[in-house]
Amino acid sequence: MQFTPQSNKMHIAVFGRRNSGKSSLVNALTGKSTLLVSDLPGTTIEPVFQYVEIKNIGTAIIVDTAGIDDADLFRVQRTREVMDLTDLGIMIFSDETGDYKLEKEWVHELAKRNIPVIGVITKTDDHYVDIDSLKTGLNIPIVKISVKRNTNLGSLRHALSDFAPAEFERNSIVGDLVNPGDLVVMVMPEMIPAPKYRLVASQQQILRDLLDHHAMAVSVTEEELPELLSRLNKLPDLVITDSLVFDKVNESIPASVPLTTFAILMARFKGDLDTFVAGAGMISTLKPGDRVLLSEACIHHPHNGEIDRVLVKAKLQEIAGGALDITTSVGPDFPADISGYKLIVHCGGCIFNRKQLMMRLQSSGVQGVPITNYGIAFAYFRGILPRVLEVLQVKA
């Protein structure tokens, strides 16, 4: 638990043409010679993720990308996909002819996605660049550096700190719901799969957040909960449980005790809870034959009876009263055109950063397709959504 998950770190992506010095810049910022550097264009063919320390931010993720002018359209598409997880962009301007039309198109695309961009002029030893002319119409800061001579990298580091988005993630998962000294009970069913000696990602992150906010966290299984409550000399200030055992937990605690689920808290932390709740309200409108998209962040083979994909499919079709046209997208493969879907149900997105998930919510909003997520959908299925949202003061 001593490491911040990669998905919770700020993501800085470096864009530019082939052989513009992207990999050299990443190596200079990280202080390592990890990335292969060559005079041959197209050396970087896939996004490469590295750690970098940024003043006032701490450890961030910096992403090296294939050239935006790459002849391989698949590589360019993979670079476009990086935009979805980018909190802060660096655009390298390196064309010796001064034709920056392509770079400007990408800067404008990043701006549409509300991603701040820092322009970087590299290879300053090789040619002159009219920075004032370049700034016209872009409205972005521009830093002139020389990686070869190791000059002005400090100015770029300061720019990264100064122009980083203030809220690339929520400040806390649960900290705003508790006070120092509050007693919080976390109910963790033994049936939830996790590697030996480890917790599920959401449980781990919420536990750490509670400790950081000086709450007293106690963890039990649903079977042990009644015994724990009998030993306490006061009621818990908050109980957090898994949706699967909500009924048993709800029966064990008084109605006056605030109760929510790990999935609800993570939905609020990673995305927009109001949007997800509104999307869940559309489940009752589904009819046989409607198109539904299940979207998952993890790329893996589903286990038999897996809670998310298998059970969500079954329950949606039960509510619809017949077979639905259900498709599944995994990893970065989220359809650009989602307008034909009646509903999108997304996983918790624990391996995504918040920007990545919010881009999908933005896409669903622009195309007018309701979106919810697995945790909220399960709360809706079980009729517990009003109860678990109570502590968050959100109306179901």
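What is the strand order of the open sheet with β8, β7, β9 and β10, and is its pairing parallel or antiparallel? The order is β8-β7-β9-β10, an open sheet of 4 strands with parallel pairing.

## Model and terms

This is a predicted model, in which local features need pLDDT of at least 70, side-chain atom pairs count only at pLDDT 80 or more, and totals for chains, interfaces and linings use all residues. Residues are numbered from 1 along each chain as its sequence is written, and side-chain values use heavy atoms, without hydrogens and water.

Helices (H or I, at least four residues) and strands (E, at least two) are DSSP runs numbered from the N terminus. Strands pair if DSSP finds at least two bridges between them.

The edge strands, β8 (216-220) and β10 (259-261), each pair on one side only.

Parallel strands β7 (residues 183-187) and β9 (residues 238-241) are joined by 4 bridges; V184 has L238 of β9 as its bridge partner. Helix α6 (residues 201-212) packs on the sheet, touching β7, β8 and β9 (contact: heavy atoms within 4.5 Å), with its direction at about 170° to that of β7.

## Sheet β12-β11-β13-β14

A further open sheet of 4 strands has the order β12-β11-β13-β14 and parallel pairing. Its edge strands are β12 (325-330) and β14 (371-373).

Between β11 (residues 291-296) and β13 (residues 343-346), which run parallel, there are 4 bridges. Helix α11 (residues 309-320) lies across β11, β12 and β13, at about 160° to β11.

Note on methods
Axes fitted to C-alpha atoms, helices over the stretch in contact; angles between N-to-C directions.
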